[in-house]
Amino acid sequence: MKFIQYGPDGTADSMRLVDGPTPAPAAGEILIEVKYAGVNRPDILQRKGRYEPPPGASPILGLEVAGRVAALGANVADWKLGDPVCALVHGGGYAQFCVTPASHALPIPQAMTLEQAAAFPENWFTVWGNLINLAALQSGERLLIHGGSSGIGLAALQLGRHVGAEVIVTAGSEEKCEFCRRFGAALAINYRTEDFLARTQEFTGDQGVDVVLDMVGGAYIPKNIALLRQKGRLVFVAFLQGSRCELDFMPIMLKRLRVTGSTLRPRTVAEKAAIRDALLAEIWPAYSIGQLKSHIFATFALENAPEAHRLMESSKHIGKIVLQVA
């Protein structure tokens, strides 16, 4: 098969389309003939040597794919050859074929394109695991999302509205803010021109928010703590500005706050299968008919993966970037 390989210098220019062996599914796994693969921030970090694949995972980039079942491992009964599926994968998505646990795949209905399906798994597994499983976001609560125009941000915005929360987002331009408003944000704050702490407090009448989903970290952390109401929850999914800051912990005690977060890739097969099951029951029906959706900003041919990575690193995109494999 053909797949994208990257060099030891970790630059986008080091990425090349090369030939290698097609993987074989182990027991409980399926082999997917990949048609589209999603591009995500962890792919950039892995390429740069800052996000090592967990033991046993493919070293090839790519954490989500859509395509058709090409082979079945032993003890797989839920899928048959040719089934259209999208899936969360341990790695290996930037390739013509990819293996994944059968329990991490979702069926693609006829009304959905493979391209749209490929944009679903990584973001929605992440936001469900953090906003629902960890933060227990509920109807009537208020949610603040940093990076609201990113793939994760737009998925979180929709998930928040889906469960009945009021959603506030931050984004880096007025164009991105307006896009988030069209996606349903009650308030979109341009963090380059406004102080999100002051603007959020103004909007909420100094009541703050119940949950913050943060992928920025750094100087945002004390402001997030200040914005949280009694029993609020701060959930981290990334640290684009670093994981360290100077912080007064007294508000955490006084307001009985919870600070948590997670990474998705190292979680067990069973943990990710449980998220798949929840998404299949609670989100997939609405996503399948277009009530919930991913916004695909750009699609590149597999051999143009370097260009896709450069676009993601520029942060000029809104929503998802996808690779067309075949």
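Student: Which residues of helix H6 are buried?

Tutor: In this predicted model, helix H6 covers residues 196–203, and its buried residues are Phe-196, Thr-200 and Gln-201.

Student: Where do those buried residues fall when seen down the axis of H6?

Tutor: Start with the general idea. An α-helix has 3.6 residues a turn, so residues three or four places apart point the same way. Now the case here: viewed down the axis of H6, the buried residues fall within an arc of 130 degrees, so they line one face of the helix.

Student: What should I look for at the two ends of H6?

Tutor: At the start, look at Asp-195: one of its side-chain oxygens reaches to within 2.9 Å of the backbone nitrogen of Leu-197. Just after the helix comes Gly-205, with a positive phi of about 60 degrees.

Student: Which residues are buried in helix H11?

Tutor: Helix H11 runs over residues 305–314, and Ala-305, Pro-306, Ala-308, His-309, Leu-311 and Met-312 are buried in it. These buried residues pack against strand S1 (2–5), strand S3 (29–39), helix H1 (41–47), strand S14 (296–301) and strand S15 (320–324). After H11 comes Ser-315, whose phi is positive, near 60 degrees.

Student: Which other residues have a positive phi although they are not glycines?

Tutor: Asn-75 is one of them, with a positive phi of about 70 degrees. Asn-75 sits in the loop between strand S4 (64–72) and strand S5 (84–88). Lys-231 also has a positive phi, of about 65 degrees, and is not a glycine. Lys-231 belongs to strand S12, residues 228–236.

Student: Let's move on to pairs of helices. How do the axes of H3 and H4 cross?

Tutor: Here is the general idea: two packed helices are described by the angle between their axes and the distance between the axes. For helix H3 (residues 121–134) and helix H4 (residues 151–162), the axes come within 9 Å and cross at roughly 55 degrees. H3 and H4 are therefore oblique to each other, and H3 passes H4 in a right-handed crossing.

Student: Which residues of H3 and H4 meet?

Tutor: On the H3 side they include Trp-124, Val-127, Trp-128 and Leu-131, and on the H4 side they include Ile-152, Ala-155, Ala-156 and Leu-159.

Student: At what angle do H3 and H9 pack?

Tutor: H3 and helix H9 (residues 269–282) pack at an angle of about 90 degrees, and their axes are 10 Å apart. That makes H3 roughly perpendicular to H9. Trp-124, Phe-125, Trp-128, Gly-129 and Asn-133 of H3 make this contact with Lys-272, Ile-275, Arg-276, Ala-278, Leu-279 and Glu-282 of H9.

Student: Now some single residues in loops. Is His-146 buried or exposed?

Tutor: His-146, in the loop between S8 and H4, is buried, with a relative accessible area of 0%. A polar contact of 2.8 Å joins its side chain to that of Asn-224. Beyond its neighbours within four places in sequence, the contacts of His-146 include Thr-170, Phe-196, Asp-214 and Tyr-220.

Student: Where is Leu-137, and which residues does Leu-137 contact?

Tutor: Leu-137 lies in the loop between H3 and S8, and is buried, with a relative accessible area of 6%. Leaving aside neighbours within four places in sequence, its contacts include Leu-131, Leu-143, Val-211 and Arg-233. Leu-137 and Gly-164 are 27 residues apart in sequence, while their C-alpha atoms are 9.1 Å apart in space.

Student: How many residues apart in sequence are Gln-96 and Ala-326?

Tutor: They are 230 residues apart in sequence, yet 7.4 Å apart in space, C-alpha to C-alpha. Gln-96 is found in the loop between S5 and strand S6 (97–101) and is partly exposed, with a relative accessible area of 28%. The side chain of Gln-96 reaches the backbone nitrogen of Lys-2 at 2.8 Å.

Conventions
Residues numbered from 1 in each chain as written. Predicted model: local features only at pLDDT ≥ 70, side-chain atom pairs only at ≥ 80, totals over all residues. Heavy atoms only, no water. Buried < 20%, exposed > 50% of the residue type's maximum accessible area, 1.4 Å probe, protein only. Helix = DSSP H or I, 4+ residues; strand = E, 2+ residues; numbered from the N terminus. Arc of directions from axis to C-beta. Polar contact = N/O pair within 3.5 Å; in protein donor to acceptor, adjacent residues only side chain to side chain. Axes fitted to C-alpha atoms, helices over the stretch in contact; angles between N-to-C directions. Parallel < 35°, antiparallel > 145°, perpendicular 65-115°, else oblique. Left-handed = near helix turned anticlockwise from the far one by under 90°. Contact = heavy atoms within 4.5 Å.
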